[in-house]
Amino acid sequence: MAGGGGGGGGQKQDDLAPHPVKDQLPGVSYCITSPPPWPEAILLGFQHYLVMLGTTVIIPTALVPQMGGNNEDKAVVIQTLLFVAGINTLLQSFFGTRLPAVIGGSFTFVLPTISIILAGRYANEPDPHTKFLRIMRGTQGALIVASALQIIVGFSGLWRNVARYLSPLSAAPLIALVGFGLYELGFPSVAKCVEIGLPELILLVIFAMYLPHAVHMMRSIFDRFAVLFTIPIVWLYAYLLTVGGAYRNAAPKTQFHCRTDRSGLIGGAPWIRVPYPFQWGAPTFDAGEAFAMMAASFVALVESTGTFIAVSRFASATPLPPSVLSRGVGWQGVGILLDGLFGTGNGSSVSIENAGLLALTRVGSRRVVQISAGFMIFFSILGKFGAVFASIPAPIFAALYCVFFAYVGSAGLGFLQFCNLNSFRTKFILGFSLFLGLSIPQYFNEYTSVAGFGPVHTRARWVSITILKLYVKRYEILTICLFPLLLQFNDMVNVLFSSKAFVGGIVAYVLDNTLHRHDATVRKDRGYHWWDKFRSYRTDTRSEEFYSLPFNLNKFFPSV
């Protein structure tokens, strides 16, 4: 009896033991260095291509008409953005962090681009196409200058020194807000055409989460290719609603979101076209516009840091050594430079939705993302074929975001396993940074929506004009309003404090590195000791496996 009681007590004690801490995420089918078979890899690469199309299409769709461009111009800008995204993804996967990270368009750069659109030097241009070309050249110049920030900070090693003070506690709010902070692009955009968006969301959850457990023989197929299964089903459903006349008498806004023939991309796209540098003409430069774009570049730098860490987690790699992260930031700056040279009208950062797709498929292979880059370049050159996929209704992409952004946010929460959650210091830093990360951008957005400009406005440079206030969520431009626009310093501040991930990440980083930092117990409470062996490239042998440069380039460009 005594022996039996002791055994039962021991088993119960094991059941109550916490889950062990893992510096590499378990359960990943193919990690960063283990590619799946070629047929499977090609399908997975095409799936990544489909997912990144959402942001690639939405940004030019919102901005190009305001620049004065037509459907043909919009199609060319989308082709260019897709082409450069493919190049940047290949550069990042070969020479940057070497993570399976897709580099694509970023909403962070939209606000400074709007400022360029509304600049006074373009207001009196009577010809829409000439105005489009002039604004595009101004955007190119601002992006070229802004790229210098990440190039210098990355390749000089400055960001390496910043990243070495990053702990699991300060990384958790940053990564969590990178994903959860984009909630406005989720269900609110699904609801723009709920009869299309909601079925996509429900089907995606069923295919990815329920069917793999119900049909054991095809378990890996359903969750790994859930996007390829569900998008054609709902897209066909949307097409049948369109040709069946379901939206014939609907409001223009409803038709824009729901119909499959309203993008104007198929008719405007050329059959074959290769984007090339300076295709819009020689870039023009303005100091105020360049500084505003540089602020967006700094925000994208912070946000991409969080996304890179999430990607490394989902690829079942070890935490990024700071030198590798800094190297990736430098190559991301090169990507923004290419955006300026080719004229994409927008800067680049790590695609958050594709990071979430890594978690859904449990495939973190580098080869898969490189194949997806090939699809980006291929379909950007064959314009008509790429335009077919780019015409997928926006609520379908929004439904995907509900899952992918949630996955990325959960990656941030996962780093709390390294921290002491029973510490009041941990609770304060975590809660305070998350709360301010949501609250401060909300204040800036509410203030701007009422006053027409941000809370910080000086009289350095005013331009009084009637404008269209762009509210870019998913293919939507809202409310016409009259207000004076302040450029330069005002836009820089508004860009910085409108990013939830930037605000929350900076607050957590500063507090974590200043609040009782030298106490002996604090080091363990913040999880800093868990990442000690990853703070240098040489202190963990797995860094060489995951992050070494190809072609023996480490001999010429060693990591530290």
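The legends below describe close-up views of a predicted model.

**View A. The disulfide between Cys 193 and Cys 258.** The structure holds one disulfide, in which Cys 193 is joined to Cys 258 with an S to S distance of 2.0 Å. The two cysteines are 65 residues apart and link distant parts of the chain, with Cys 193 in the loop between helix 8 (187-190) and helix 9 (194-214) and Cys 258 in helix 12 (residues 252-258). The torsion about the S-S bond of Cys 193 and Cys 258 is about 125°, so the disulfide is right-handed.

**View C. Cys 31 and Cys 419.** Cys 31 has a relative accessible area of 19%, which lies under the 20% cut-off, so this residue counts as buried. Cys 419 is likewise buried, with a relative accessible area of 11%.

View D. Glu 72 belongs to helix 3, which spans residues 71-95. Its relative accessible area is 42%, so Glu 72 is classed as partly exposed, a class that falls between the 20% limit for buried residues and the 50% limit for exposed ones. Although Glu 72 and Pro 270 are 198 residues apart in sequence, their C-alpha atoms are 8.1 Å apart in space.

How values were computed:
Residues numbered from 1 in each chain as written. Predicted model: local features only at pLDDT ≥ 70, side-chain atom pairs only at ≥ 80, totals over all residues. Heavy atoms only, no water. Helix = DSSP H or I, 4+ residues; strand = E, 2+ residues; numbered from the N terminus. Buried < 20%, exposed > 50% of the residue type's maximum accessible area, 1.4 Å probe, protein only. Disulfide = S-S within 2.5 Å.
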